[in-house]
Amino acid sequence: MPIPQEHQYLFYVLLLAMYLTTILGNLIIIILILLDSHLHTPMYLLLGNLSFSDLCFSSVTMPKLLQNMQSQNPIITYADCLAQMYFLMFFGDMESFLLVAMAYDRYVAICFPLHYTSIMSPKLCACLLLPMWLLATFNAMMHTLLMARLSFCEKNLILNFFCDVLALLKLACSDTYINELMILIMSNLIGIIPFALIVMSYVRIIFSILKVHSTQGIQKLFSTCGSHLSVVFLFYGTIIGLFLCPSTNNSIVKETVMAVMYTVVTPMLNPFIYSLRNRDIKGALIRVIFSNKISLSW
Ligand SMILES: *[C@@H]1O[C@H](CO)[C@@H](O)[C@H](O)[C@H]1NC(C)=O
């Protein structure tokens, strides 16, 4: 850990609190969406899946990290590391695909409001999710298998934060050319194409809003897409910010900031962004909490 010894404890408590908040916030969203039939619309089914990805994404890394922070000699076995890498990639990819699907959902809601229910059926939603699962599985599996054929000189690995692909590659003894090539190709495909699709749907949303009613247009944009836009900014803002910030001397600090942002901060904030200004979620919360009492008093 690139953290002074005397701050370790504070950092530990902070991470633990953030992790527990992540679990709680996302679980509440998932339970509300499963229980409340008003929320069985494509937008909320996708949000439920996003919350599930967030939950898993931080659960892959945080428990092990917290455990390592307490122990005297933090090591992680090679098998654990590969498993961690697989799930990190899988849920990371799922998150980026889900943001695209949610952008498409907003695009249909604004540009074709009359056909929204017929276009965005729960069936289409499932049809969108299946290829995402397959692609994310394929990508994670491919990188994991490529990694498994490398040889490592150390039997147990000691890592800064968690086993991401790049950190593992640095520790390999054999030739990593193919691995690096595939990482370059796939991270461009899986990173840039979803981002381009999201930008494209927002460009069309903004054009269609400005065409019809420019005065209330911006207000409508924020009331229907505000939450999704914030999550997109948070997700891609971190990536872009880290690319733009100069990486000269302090790469360990940079990697740590990136790791904390990705595995804790973003998954923790997503449920809050979606529920704070959202009437549907608040309504569902009230219905779910009070439905027991109402059915008793009946
Ligand atoms: C994820 O999406 C599928 C398909 O639309 C849906 O059936 C499922 O309930 C969603 N999961 C959550 C946790 O919302």
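How much space lies in the second largest pocket? Keep that question in mind until the third view. This is a predicted model, in which local features need pLDDT of at least 70, side-chain atom pairs count only at pLDDT 80 or more, and totals for chains, interfaces and linings use all residues. Residues are numbered from 1 along each chain as its sequence is written, and side-chain values use heavy atoms, with hydrogens and water left out.

View 1. Look for Ile30, Leu34, Leu45, Gly48, Asn49, Cys125 and Leu129, which surround the ligand (a residue is near if one of its heavy atoms lies within 4 Å). The ligand taken alone exposes 360 Å², and the protein buries 71% of that (accessible areas by the Shrake-Rupley method with a 1.4 Å probe). Two or more shell residues come from each of α1 (8-35), α2 (42-70) and α5 (122-148); helices here are DSSP runs (H or I, at least four residues), numbered from the N terminus. The largest share, 3 residues, belongs to α2. Now find Asn49: one of its polar side-chain atoms lies 2.3 Å from an oxygen atom of the ligand. By class, the shell has 5 nonpolar, 2 polar and no charged residues (Ala, Val, Leu, Ile, Met, Phe, Trp, Tyr, Cys and Pro count as nonpolar, Asp, Glu, Lys and Arg as charged, and the others, Gly among them, as polar).

**View 2. The largest cavity.** A cavity is a set of points, on a 1 Å grid over the protein atoms alone, where a 1.4 Å probe fits but cannot get out, and lining residues have an atom within 4 Å of a point. The count comes to 1 cavity of 30 Å³ or more. The largest cavity has a volume of about 40 Å³, the space filled by probe spheres set on grid points joined across faces, edges and corners. At least two lining residues come from each of α2 and α3 (78-111). The lining holds 5 nonpolar, 2 polar and no charged residues.

**View 3. The second largest pocket.** Here is the reply to the opening question: about 590 Å³. A pocket is an open set of points with protein on both sides within 12 Å along at least five of seven lines. Its lining has 22 residues, with Met43, Tyr44, Ser223, Thr224 and Asn278 nearest the centre. Helix α8 (214-244) is one of the elements that give two or more residues, and α8 gives the most, with 8 residues. By class, this lining has 8 nonpolar, 9 polar and 5 charged residues.

How values were computed:
A polar contact is a pair of N or O atoms within 3.5 Å; within protein, one must be able to donate a hydrogen and the other to accept it, and residues adjacent in sequence count only if both atoms are side-chain atoms.
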